[in-house]
Amino acid sequence: MVLHFQASGWNVAVIEPRREPAVDKNSPSKRNVTPVLALPKGLVDQGEKAEQTAIREVREETGVEATLVTKLADIKYFYVRSWGDKQRVFKIVSFFLLLYRSGQIGEISEEMHIEVERALWMPLEEAAERLSYKGEREMVKKAQEYLRAHPELQGSKAEPRRARERA
């Protein structure tokens, strides 16, 4: 989860994943267009550490560069594949708190538009209510707790974690 302190306060980078709209059974000509709002995330590439994945996925899915602050938590859940074998899958997603460093939200490659409809900044306070997934709303609350405990991050672009740990 990447945060950016702006004049209006803390904002979080949110994505709307691309998906096929579901057909409304009561009115086949109308489609359910309620957008899913989520935090950027993705699979760990071979040889990559989870925190490297977080930074890469944020860059790929939102267009912004970010710096690692800390790990927030892991979310563990099951889902049923909506394609192929319809198997039940156990998943663990690690969430990290990142701070915005540079880039323009929403400037993503054409290849990423297959996965991401759009990326936007959302006020952190709103994200705790508006994100589509309960576990991600909980991560927003954890980030808010961390920010309250670390007011020095306000207005910061955060120095890399390794540099802070050596100090």
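Start by selecting Phe90, which you'll find in strand S6, residues 88-103. Keep in mind as you click around that this is a predicted model. Is Phe90 buried or exposed?

Together with Phe90, they make a nonpolar patch on the surface, with about 320 Å² of accessible area between the three.

Next stop: Glu57. Look for it in helix H1, which covers residues 50-62. With a relative accessible area of 7%, Glu57 is buried. What does Glu57 touch, leaving out residues up to four places away in sequence? Select Pro40, Lys41, Gly42, Leu43 and Thr62 to see those partners.

Keep Lys41 and Gly42 on screen for the next stop, the largest pocket. About 1100 Å³ of space lies in there. Its lining has 38 residues, and the closest to the centre are Lys41, Gly42, Tyr77, Lys91 and Val93. To see which elements give two or more residues to the lining, colour strand S2 (9-17), H1, strand S5 (64-80), S6 and helix H3 (134-149).

Finally, zoom out and switch to cartoon view. The protein chain has four helices and seven strands, in the order β-β-β-β-α-β-β-β-α-α-α along the sequence. How many of its residues count as buried? Of 167 residues, 39% do.

Note on methods:
Residues are numbered from 1 along each chain as its sequence is written. This is a predicted model: local features need pLDDT of at least 70, side-chain atom pairs count only at pLDDT 80 or more; totals for chains, interfaces and linings use all residues. Side-chain values use heavy atoms; hydrogens and water are left out. Patches are made of residues with over 30% relative accessible area and no salt bridge: like charges are joined within 9 Å, nonpolar side chains (Val, Leu, Ile, Met, Phe, Trp, Tyr) within 5 Å. Accessible areas come from the Shrake-Rupley method with a 1.4 Å probe; for residues, only the protein chains shown count as cover. A salt bridge is a side-chain nitrogen of Lys or Arg within 4 Å of a carboxyl oxygen of Asp or Glu. Buried means under 20% relative accessible area, exposed over 50%, partly exposed in between (1.4 Å probe, protein chains only). Contact means heavy atoms within 4.5 Å. On a 1 Å grid over the protein atoms alone, a cavity is a set of points where a 1.4 Å probe fits but cannot get out, and a pocket is an open set with protein on both sides within 12 Å along at least five of seven lines; lining residues have an atom within 4 Å of a point. Grid points are joined across faces, edges and corners, and a volume is the space filled by probe spheres set on the points.
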